[in-house]
Amino acid sequence: MKRNLLLILCISSIMPFTYVYAKDATIKVDILRQVGEIDRNIYGVFMEPIRNSMDGMLYNPEHPLANEDGFRTDYIEAARELKLPNMRWPGGNYTLTYNWKDGIGPKAERPVRRELAWNVLDRNHVGTDEWLKLAGAMGVESSICINVTTASLEDNRNWIEYVNSPTGSYYADLRAKYGHPEPYNVKYWHLGNEVDGEPWQAVALTSDEYVSYAKDVATIMYFVNRGSRTSTQPVFIVMGSSWVFHEGEPTDWPQWNWDVIDGLITQRNVEYIAIHRYWGTGLTREVQNDRSPNVFLGDWERHFNDYITTTENQIEIAKIKNHVPDKPFHIAFTEWGPRGGNHMSTLAGALHFNLFVRHANSVKRANFTMFTSLLSGAREGQTYKSPFFYMYKLYSTNVNGKSLDTYVDCETFDGKVYRDIPYLDVSSSYSKDEKTLVINVVNRNMEQAISTNIISDTGHFSGTGKISTINSDNVDARYTYQESNNYIPVTSTMEVNGNSFKYSFPAHSFTQIVVDISE
């Protein structure tokens, strides 16, 4: 017996290694099981004058690509290619001490201020008029974030008069004097930014202080043009918590969000709560610097899901408590952005969009930080489109219509915080007008492709399915200008007919499948 056992061990030691493949997975879609309408405003961006990101990069009259207003046309063209719907400005932490009046009138007469958030001198060369002209060139709707810490109620009522009022009053006439007689008709106004962020803000507020000011400023800004039939009436976005974990210090962010939602859900024209979270910047003390795949692609996605779900539930409870079941009140994820500049960050970007699509009933706006980061930059000054740009484009140009409640059955893995995380992260959308289904899949398995049965419970697939894949042999290598010609997604097609087809999702990949479907 011992000799036989020894023989078996010797044979096994010289046999070639056999790879273990992941078991087949299943994705089921049903065009009748709809989560909600996908609001294209989830593809918005955020722009803040952090050091030279605005004045020096996006705005640079001396640059060979600058247009007549001084803005870079490569960025403007990128915005139009992505079909960006909206852009949030001017901040960001910048807003906490910003005086909008510093940014109007002749540039030579504008004051240079010491900007406290980023500790630089600000020439104020990009103010309200320049910003709104840029938004027009980009083809985006502008939303403005106001100062609710050092600005008075009067300051903010005057700002909306300058932007939206017809001529005949002081600030509207001042706008006309500076070259724009017609109102700008800005609809969305953010009431402050990260005002709970005591560790990093020049001025912070308690939730009670914030709710009190937000009520007053929303009321006075609404009153400015309430009697004008031609004026755009404002819709307000109030500020939830952004201090979840900062430099190892946690806070009771659900309590802040509840105070704001409960305190402002009945306020006229307040229809959103903004939340901010940056992927990979401190989940718990134990894993705050851990960028391993199971944490970065697993724990972080589950944490973001909990962050959104908790806020969703608080909104529903507040509606019942305050007897406003039909009040429009949604989530605006107005700052997000994974760090890295590599394939892992692109996969994380796709995980963000999958979350927004799966929560389409509640997440109605989002803003990527920052707009200028959508084009990557080389040391020599050139810009180029990275895989992150192409991932963003696949969502912003293809994923619309109704979000579907998608069933996924696949193998799972454990993070360091969460357990049983599916390897396949999936969202899907259905456009009734175009009769197309879009399936977005991130395979978080770093070693194995996953062969998947894709089944339609209602309707039949037909025609030629279009497949776009973004992947990399080295998931941690930073993107470079020299490799930019290799970053275009790999495309292929497959003929489909019936209620199912099979596809194998490569390891560590993002894949989008667009296929026709009949009801």
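Ile 27 stands opposite Val 408 in β18, and strand β1, which spans residues 25–30, pairs with β18 in the antiparallel sense over three bridges. Here two strands are taken to pair if DSSP finds at least two bridges between them, while strands (E, at least two residues) are DSSP runs numbered from the N terminus. The model is a predicted one, in which local features need pLDDT of at least 70 and side-chain atom pairs count only at pLDDT 80 or more, whereas totals for chains, interfaces and linings use all residues. Residues are numbered from 1 along each chain as its sequence is written, and side-chain values use heavy atoms, with hydrogens and water left out.

Both β1 and β18 belong to an open sheet of four strands, with mixed pairing and the order β18-β1-β23-β26. Its edge strands, each pairing on one side only, are β18 (407–409) and β26 (500–505). On average, neighbouring strands of this sheet are turned by 20° against each other, direction ignored, the angles (on a range from 0 to 180 degrees) being defined between N-to-C directions of lines fitted to C-alpha atoms.

Strand β21 (residues 424–431) is mostly covered, with eight of its eight residues buried, where buried denotes under 20% relative accessible area, exposed over 50% and partly exposed in between (1.4 Å probe, protein chains only). Leu 424, Val 426, Ser 428 and Tyr 430 point one way from this strand, and Asp 425, Ser 427, Ser 429 and Ser 431 point the other way. Strand β17 (residues 402–404) runs antiparallel to β21 and is joined to it by two bridges, with Ser 403 having Ser 429 as its bridge partner in β21. Eight bridges pair β21 with strand β22 (residues 436–443), again in the antiparallel sense, and the partner of Ser 428 in β22 is Ile 439. The hairpin of β21 and β22 has four residues between the strands, and in this hairpin Lys 435 takes a positive phi near 55°.

Neighbours within four places in sequence aside, Tyr 392 is in contact (heavy atoms within 4.5 Å) with residues including Tyr 43, Leu 82, Trp 336, Phe 353 and Phe 368.
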